[in-house]
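Here's a quick briefing to read alongside the model. Have a look at the fold first, then come back for the details.

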Amino acid sequence: MIRSLFTVFAAVLCLFNIALAEPGLIEPNAGNWKTWVISSGKDFRVPPPPDAAAAAAELAQVRDLLAKKDAKSAERIIFWDAGSPGYRWIDLVNSRYLTGQTLPPYPHRIYTYMTMAIYDATIAAWESKAFYSRPRPTEMDPTLKAVLPTPRSPSYPSEHAAAAGAAAAVLSYFFPDEASSFQSMAEEAAGSRVMAGLQFPSDASAGLALGKRVADQVIAKAKTDGSDAVWTGTVPTGPCKWIGEKPGNVTMPGWKPILLASADEFRPPAPPDCHSATVKAEADAVQQFERKFLSNYKAFYWQSPAGLMTSWYDYASKWMFEDKTDYDPPRAARAYAMLASVYHDAFIASNDGKYAYWYLRPHQLDPNITPLFPAPNFPSYPSNHSTLSTARCEVLASLFPNHAEFIRAIGKEAGDSRIWAGIHYEMDNQTGVVLGKAVAGKFIERAKTDGAD
């Protein structure tokens with residue numbers, strides 16, 4: 001078993017030999033990239049690494065760990081080495097979403113704050129790496145045989161530990177009863193890089209402490225984003241108004257966006273009178289749409305946890321695996337954070353439109369329309385799905401331009417599926433597309449000046 005696991009390591013070394021042969025350090029200037037929450041990477045610089053004598057003792061520890069490698073340690077190393085340092089944490093949240101485990105209200109906030117914490121911790125780690133320029137164990141002792149390729153970046157602090165410390169702290173905020181479990185996972189993630197011979201124990205401990213310190217700032221932001229507001233209003237009545245009780249997401253227009261100047265920065269124009277010929281034609285189109293197995297399947301898919309949330313991260317992870325961005329921790333963390341944070345702001349903007357107009361759903365205008373599944377319990381205009389899907393596909397298209405045509409087609413399908421399901425007008429869809437592009441535009445413009453390019 002041990003031999004077979006370490007055979008995998010040998011294969012990995014061969015497979016990525018070309019990538020690792022590229023000259024220069026990975027993102028040597030990433031420590032200066034713009035952060036989302038903390039003031040700067042420099043302001044969170046970790047204390048100096050241990051002196052030469054302590055480093056020599058740590059090197060002996062690493063050598064001893066390599067000599068004692070077993071199947072269990074090999075399994076941990078392989079597990080935490082998959083993808084960028086944030087990949088397993090994204091996958092953990094995805095798994096909870098897909099399997100219907102208990103999640104807090106507005107679970108998209110978990111992705112938003114976790115990915116921003118991982119990104120900011122990674123940038124801070126890179127600033128310290130560049131400042132101290134501590135050699136990796138294999139660079140300090142060329143006779144040391146690590147079981148994974150040595151990353152082209154300084155050793156101190158550990159990027160995996162920083163990401164793990166940040167992720168575990170944010171997850172503990174959302175799931176306080178599981179805090180000790182998340183902490184254990186973070187320690188395992190950090191320790192896996194030491195067991196692999198890639199970093200020193202002090203790299204791991206410094207990274208964990210840095211991640212926690214960054215996460216504290218992110219959690220403070222999460223606590224004041226307005227998501228805990230309690231609605232005390234009433235549902236308006238009258239012509240063309242949505243009909244229902246306890247509307248979902250109704251406080252969202254009052255939330256603090258990540259990047260938008262305000263929830264109504266891109267508020268769409270008022271929808272037409274629901275008794276106009278234009279809206280009647282749109283309602284008729286919904287009522288007359290011929291449902292088939294494929295359109296029904298697609299409509300249900302985009303209503304599922306995968307369609308609503310996890311598939312977008314899966315696309316990002318897949319493309320990072322393919323182009324080796326997962327070997328570039330700052331750039332990978334940047335992609336995840338952009339994808340999550342644009343969703344956060346697009347969701348606020350979309351619901352600002354919904355509750356500015358309180359527009360009725362197609363089946364409320366025309367009783368002959370029977371939705372494929374129950375319509376979400378909030379107004380119709382604009383479509384959340386179209387807004388959110390467009391915002392995410394535009395960000396992904398900017399990050400992975402070779403996949404732009406594909407992901408934009410995916411975003412369009414997600415929006416169209418709401419027409420197929422009988423729960424939106426085409427104007428909801430098209431307005432959501434315009435709104436999603438406007439929100440994404442702010443994030444894409446920010447990315448042009450964040451230092452990464």
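Predicted model: local features only at pLDDT ≥ 70, side-chain atom pairs only at ≥ 80, totals over all residues.

Residues are numbered from 1 along each chain as its sequence is written, and side-chain values use heavy atoms, with hydrogens and water left out.

**Overall fold**
- The protein has 18 helices and zero strands (DSSP runs numbered from the N terminus: H or I of at least four residues for helices, E of at least two for strands).
- Its radius of gyration is 24 Å, close to the 22 Å the globule rule gives for 453 residues, so the protein is as compact as a globular protein of that length (taken over C-alpha atoms; the rule is 2.2 Å times the number of residues to the power 0.38).
- Along the principal axes, the C-alpha atoms fill a box of roughly 80 × 40 × 40 Å.

**Packing**
- Of the 453 residues, 56% count as buried (under 20% relative accessible area, with exposed over 50% and partly exposed in between; 1.4 Å probe, protein chains only).
- Among contacts (heavy atoms within 4.5 Å) with a separation of 6 or more, 84% come from residues 24 or more positions apart.

**Lysine 129**
- Lysine 129 sits in helix 6, residues 108-132.
- Lysine 129 counts as buried because its relative accessibility is 1%.
- Leaving out residues up to four places away in sequence, lysine 129 touches Arg134, Arg136, Ser153, Pro154, Ser155, Tyr156, Pro157, Glu159 and Gln199.
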